[in-house]
Amino acid sequence: MLVEVCANSLQSALNAEKAGASRIELCMELGVGGVTPSYGLLKSIKENISIPVHVLIRPRSGNFCYSNTEFEIMLQNIDLCVKLGFQGIVAGVLTKNFEVDIERTAALIKAAKGLKFTFHRAFDWVENPKKALKKLEALKVDYILTSGQQNRAIDGLPLLEELKNEAKHCVIMPGGGIHINNIKKMVDKGFSSIHLSGIIKKENESYLSKITMYSKSFLKDTVTVETNMNIIKAIVSFVK
């Protein structure tokens, strides 16, 4: 079984490789579902990791319906990953009515220039997963990362099995809440790949401060944030 580890740092990737992981999915900010890693992290991974690495291409947290500017950034990040010599791309784009955006997904695959392509857990938001599977197979996607449209893959196992049985070309890769206590069920059901982070949370008490940099209001799938022109205009006007 292929074990893909979602790594959020160079140290996480090093730990995963030393532990025998088959592949890395590289990202940053696991708390929001992951975003595209920085250029510095990409370079460090290329210099220090020898197992295959697939890079998450997600320009921001929140939904998976992107503006033209955001989509152009995604294409540029894929181009960078191709030039740096990574083995795969992980991405996903949806329409406003929660269907796979065929045109944009095809453009991402084309930009990947033959690298392995995983359609990520945006899949868990689609209205009709079996219809989406057929569309993605027609696009020749290599992997679909999904929790079976549940918060945890173990709870989405019935749909995961159905998708695995219907898939003709791409690999259905369960991900979401997979750990040592439920991995046996994934093995017993015959999945060929799994995805997990294997993280532990470390409290850094020496860094505790009187204020927090953490904002709960940002951490919602329904929320995206951007600078407001009117607010800045009012501030600039006042100070000048």
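How do α2 and α3 lie relative to each other, roughly parallel or roughly perpendicular? I started my notes with that one, and I find that α2 and α3 are roughly parallel to each other.

**Ground rules**

I am working from a predicted model, in which local features need pLDDT of at least 70, side-chain atom pairs count only at pLDDT 80 or more, and totals for chains, interfaces and linings use all residues. I number residues from 1 along each chain as its sequence is written, and my side-chain values use heavy atoms, with hydrogens and water left out. My helices (H or I, at least four residues) and strands (E, at least two) are DSSP runs, numbered from the N terminus.

**Entry: α2 with α3**

I looked up the angle and got about 25 degrees, with the axes 11 Å apart. Axes here are lines fitted to C-alpha atoms, for helices over the stretch in contact, and angles run from 0 to 180 degrees between N-to-C directions. The crossing of α2 past α3 is right-handed. Y39, L42 and K46 of α2 meet L80, C81 and L84 of α3, where contact means heavy atoms within 4.5 Å. I sorted this contact by class and found 5 nonpolar, no polar and 1 charged residues. For the classes, Ala, Val, Leu, Ile, Met, Phe, Trp, Tyr, Cys and Pro are nonpolar, Asp, Glu, Lys and Arg are charged, and the others, Gly among them, are polar.

**Entry: α1 with α2**

Next I checked α1 (residues 10–18) against α2 (residues 39–48); their axes come within 10 Å and cross at roughly 25 degrees. That makes α1 roughly parallel to α2. Here too I noted a right-handed crossing, α1 passing α2. On the α1 side I listed L10, A13, L14 and E17, and on the α2 side L41, S44, I45 and N48. The class count for α1 with α2 is 5 nonpolar, 2 polar and 1 charged residues. A reminder to myself about spacing: an α-helix has 3.6 residues a turn, so residues three or four places apart point the same way.

**Entry: α3 with α4**

For α3 (residues 68–84) and α4 (residues 102–111), I get axes that come within 9 Å and cross at roughly 25 degrees. These two are therefore roughly parallel to each other, and α3 passes α4 in a right-handed crossing. N68, F71, M74, L75, I78 and V82 of α3 touch R104, A107, L108 and A111 of α4. I count this contact as 8 nonpolar, 1 polar and 1 charged residues.

I then went to R23 in strand β2 (residues 23–26). Is R23 buried or exposed? R23 is buried, with a relative accessible area of 4%; buried means under 20%, exposed over 50%, and partly exposed in between, with a 1.4 Å probe and protein chains only. The R23 side chain makes a polar contact of 3.1 Å with the side chain of Y143. For that term I need a pair of N or O atoms within 3.5 Å; within protein, one must be able to donate a hydrogen and the other to accept it, and residues adjacent in sequence count only if both atoms are side-chain atoms. Leaving aside neighbours within four places in sequence, R23 also touches others, including E4, I51 and H54.

Y143 itself is in strand β6 (residues 143–146), and at 11% relative accessibility Y143 counts as buried. With neighbours within four places left aside, the contacts of Y143 include F117, C170 and S193. I also noted that the C-alpha atoms of Y143 and H120, 23 residues apart along the chain, are separated by 8.2 Å.

Most residues other than glycine have a negative phi, which is my reason for logging the next two. E29, in the loop between β2 and α2, has phi near 60 degrees and is exposed at 51% relative accessible area. F98, in the loop between β4 (88–91) and α4, has a positive phi of about 60 degrees and is partly exposed at 35%.

Last, α8 (residues 229–239): of its 11 residues the number buried is 0, so α8 lies largely in the open. At the start of α8, a side-chain oxygen of N228 comes within 2.9 Å of the backbone nitrogen of N230.

How values were computed. Parallel < 35°, antiparallel > 145°, perpendicular 65-115°, else oblique. Left-handed = near helix turned anticlockwise from the far one by under 90°.
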